[in-house]
Amino acid sequence: RPHPASFAELRAAHDDDYLERLQRPGALTQVVGFTIPDRAEQELLAVEREMSGGTLLAARLALASRGIAVNVGGGFHHAHRDRGGGFCIFNDVAVAIRAQRAAGFGGRILVVDLDLHDGDGTRSIFADDPTVHTYSVHNQNWNDRPAIEATVLPLGPGVDDARYLETLAATLPPLFERFRPALVVYLCGADPAADDALGDWQVSAAGLLERDRMVTGLARRRHLPLVVT
């Protein structure tokens, strides 16, 4: 059972000023896009701290076992170092990566982000870090800031199984070969699904399963620890 991410763990990925601003009334209006009551703000902060703790724990378990560890929450990839957005307050993946660095893990890390939306926050946090590659296939870019190690693939609306899987097959295996990660973090967002209420893609359940088999297979064939959110 995870513990909520501590302030010390959060500040490894986020600015102190930003973390302090989150305690002020109305701080989450920009993050969620509308005003919510103070009590709901505190509850949302607590939920995302606990989900961030889940990704922290999953990273520790995956590295210790060299297996797969899954956090059924997390994946808050729109949170930048100094701000949140898109319902993402804390970037749990960045928090977990920085915690493993602090614990002595020095291997290369590949973040495979297959949420419908751009992994802009994670990419920005690691933009200057050549040991973390952020790979994102999404509908449209949220941020065009360049990064030393990043794959940014905006496919537009209406993507179906064939285009989705062909894109992954053409770009992801060569990246594994070139970058040679020692840890993989996989954001397996379900919102590319055709029946997602807010999405604009047409990927079937079978297509999503094939996607997940592809990513996990690439990691497992290389005996890499895999963290899934």
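I started with a pair of charged side chains: Asp 15 and Arg 81 meet in a salt bridge, 2.9 Å from N to O. The pair links distant parts of the chain, 66 residues apart. Asp 15 sits in the loop between α1 and α2, and Arg 81 in the loop between β1 (68-70) and α5. A reminder to myself that this is a predicted model.

I checked how open the two partners are. Asp 15 counts as partly exposed because its relative accessibility is 27%. Arg 81 comes out as partly exposed too, at 33%.

Next I looked at His 14, in the loop between α1 (7-11) and α2. Is His 14 buried or exposed? It is buried, with a relative accessible area of 0%. A polar atom of the His 14 side chain lies 3.4 Å from the backbone oxygen of Arg 81. Leaving aside residues up to four places away in sequence, I listed what His 14 touches: Leu 19, Ala 79, His 80, Arg 81, Ile 89, Phe 90, Asn 91 and Val 95.

Then I went back to charges. How many salt bridges does a search of the whole structure find? The search gives 10. I noted that side chains of opposite charge can pair when their charged atoms come close.

I picked out Arg 39 and Glu 43, whose side chains form a salt bridge at 3.3 Å, N to O. Both belong to helix α4, four residues apart, or about one turn of the helix. Arg 39 is exposed at 66% relative accessibility, while Glu 43 is partly exposed at 43%.

Arg 123 has a relative accessible area of 4%, so I put it down as buried. Asp 118 is buried as well, at 0%. I also found Glu 177, Arg 180 and Arg 222 joined into one network by salt bridges that share partners.

I then ran a check on α4 (38-65). At 1.5 Å a residue, its 28 residues should span 40 Å, and the end C-alpha atoms are 41 Å apart, so the two agree. The buried residues of α4 include Glu 41, Leu 45, Glu 48, Gly 53, Gly 54 and Leu 63. Its buried residues pack against α1, α3, β1, α5, β5 and β6 (226-228). After α4 comes Arg 66, which has a positive phi, near 55°.

In soluble globular proteins, nonpolar side chains tend to be buried together. The largest core here has 34 residues, and Leu 22, Ile 89, Ile 109 and Val 111 touch the most other members. Among the elements giving two or more residues to this core are α2 (16-21), α5 (92-102) and β2 (109-113). Which element gives the most to this core? It is α4, with six residues.

I looked up Val 111 on its own. Not counting residues up to four places away in sequence, its contacts include Val 93, Ile 97, Thr 122, Val 132, Tyr 135, Val 185 and Leu 187.

Technical notes: Residues are numbered from 1 along each chain as its sequence is written. This is a predicted model: local features need pLDDT of at least 70, side-chain atom pairs count only at pLDDT 80 or more; totals for chains, interfaces and linings use all residues. Side-chain values use heavy atoms; hydrogens and water are left out. A nonpolar core is a set of buried Ala, Val, Leu, Ile, Met, Phe, Trp, Tyr and Cys residues joined through side-chain atoms within 4.5 Å. Buried means under 20% relative accessible area, exposed over 50%, partly exposed in between (1.4 Å probe, protein chains only). Contact means heavy atoms within 4.5 Å. A polar contact is a pair of N or O atoms within 3.5 Å; within protein, one must be able to donate a hydrogen and the other to accept it, and residues adjacent in sequence count only if both atoms are side-chain atoms. A salt bridge is a side-chain nitrogen of Lys or Arg within 4 Å of a carboxyl oxygen of Asp or Glu. The expected span of a helix is 1.5 Å times one less than its number of residues.
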